Amino acid sequence: MLTIGLLGCGNIGNIIIKNHVGVDIVALFDQMPGRAEEAGKLCDAKAFGNIEDFLNEDYDIVVEAASIDAAQKYAASVLEHGKDLVVMSVGVFADELFRQEITDLASSLGQKIYIPSGAIFGLDNLKIGQVSGITRLLLRTTKNPRSLNIEECAERTCLFSGMANECIRHYPKNTNVSVALELAAGRDVEVELWADPSVDRNVHEIFIEGDFGEATITVKNLPSPDNPATSYLAALSIVTLLKNLGEPMRVGT
Ligand SMILES: NC(=O)C1=CN([C@@H]2O[C@H](COP(=O)(O)OP(=O)(O)OC[C@H]3O[C@@H](n4cnc5c(N)ncnc54)[C@H](O)[C@@H]3O)[C@@H](O)[C@H]2O)C=CC1
Ligand SMILES: O=C([O-])CC(=O)C(=O)O
């Protein structure tokens, strides 16, 4: 069975612990040591107080469910410790130089980096953008102001309109999906981010046009109970990615 170390024991970390299938969680790390210890009580895994000890433990894959900052700080070290890496805070790869450095390192060490589909559907066939023209790719995200940590917002308001790699710098906890779309399609993504007090879901609308035709995808996500910025689907997508890593047949492009 694949063994994993969980980097980040917050909302997603705890959902993974409660729902994981086909993998064994053996190590836990969080910048707030109490969170790793609490998570350790829910599963038979050891909580570590420092990153070096966490990475020296024997297991196959680090699952990052922490922050862009954590992914930036620890990705290279994870790979150098001979472990594959699942990155939930995919916004870290909006920095092209960092992305190149980390993919070169993984390639030279023979390690893999996995990016879950996260809070959206459709990354699978969007990858056709790597071999065929995509002429339009727009993500329109709408969330309740609470999910965006905004206290006062009386009506639907556009917070950002521009490109994904700029949006993620302003909203690192809310637009990781835009960077996942960019990585899958191999091209820039236009983003609109809206706060709307009348919605109670995290809504992602994706508009795609290209040589294949056109597609529109709308995902109306339930926010996670412990972190409204994060859709519950994002945590389920990691659980599913991990389950499928150990299986012989791959479904989806
Ligand atoms: N790719 C996607 O579609 C999605 C990505 N995300 C991202 O996934 C990540 C985790 O989300 P949640 O669990 O909801 O967040 P959370 O805030 O509930 O939990 C994050 C945990 O990681 C810990 N942490 C943060 N920075 C750290 C560091 N430098 N070193 C060690 N521990 C650190 C925090 O103390 C916290 O316990 C976030 O970056 C979020 O933006 C969330 C939803 C969708
Ligand atoms: O992409 C993100 O950072 C989080 C998000 O929008 C969601 O979970 O719906």
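**Entry: ground rules**

I am reading a predicted model, where local features need pLDDT of at least 70 and side-chain atom pairs count only at pLDDT 80 or more, while totals for chains, interfaces and linings use all residues. Residues are numbered from 1 along each chain as its sequence is written, chains are lettered from A and ligands numbered from 1 in the order in which they are written, and side-chain values use heavy atoms, with hydrogens and water left out.

I checked the confidence next. The protein averages a pLDDT of 97, and 100% of the residues score at least 70; pLDDT is the predictor's confidence in each residue, from 0 to 100. For the complex, the predictor gives an ipTM of 0.98 and a pTM of 0.97.

**Entry: back to His-204**

I found His-204 under "active site" in the UniProt annotation, from an unreviewed entry. I keep in mind that UniProt positions are given in the numbering used here, that feature names are shortened, and that annotations may be inferred rather than shown by experiment.

His-204 sits in strand β10, residues 202-210. Helices (H or I, at least four residues) and strands (E, at least two) are DSSP runs, numbered from the N terminus. Not counting residues up to four places away in sequence, His-204 touches several residues, including Ala-119, Leu-139, Thr-141, Val-177 and Asn-221. Contact here means heavy atoms within 4.5 Å.

I also noted a polar contact of 2.9 Å between the side chains of His-204 and Thr-141. That term covers a pair of N or O atoms within 3.5 Å; within protein, one must be able to donate a hydrogen and the other to accept it, and residues adjacent in sequence count only if both atoms are side-chain atoms.

**Entry: the binding-site pair**

Which residues does UniProt list for "binding site"? I found Ala-119 and Asn-176, again from an unreviewed entry. They span 58 residues in sequence, yet no two of their C-alpha atoms are more than 8.7 Å apart, so they gather at one spot.

Ala-119 lies in the loop between β6 and α6 and is buried at 9% relative accessibility. Leaving aside neighbours within four places in sequence, Ala-119 is in contact with His-204, Ser-231 and Leu-233, among others.

Asn-176 lies in helix α8, residues 176-185, and is buried with a relative accessible area of 16%. Beyond four places in sequence, the contacts of Asn-176 include Ile-68, Met-88 and Gly-91.

**Entry: the start of the chain**

Strand β1 (residues 2-7) pairs with β2 in the parallel sense over 6 bridges, and two strands pair if DSSP finds at least two bridges between them. Thr-3 stands opposite Asp-24 in β2.

Strand β2 also pairs with β3 (residues 46-48), in the parallel sense over 3 bridges. There, Leu-28 has Ala-47 as its bridge partner in β3.

Why do I call β2 largely enclosed by the rest of the structure? I do so because 6 of the 7 residues of β2 (residues 23-29) are buried.

Terms used
Buried < 20%, exposed > 50% of the residue type's maximum accessible area, 1.4 Å probe, protein only.
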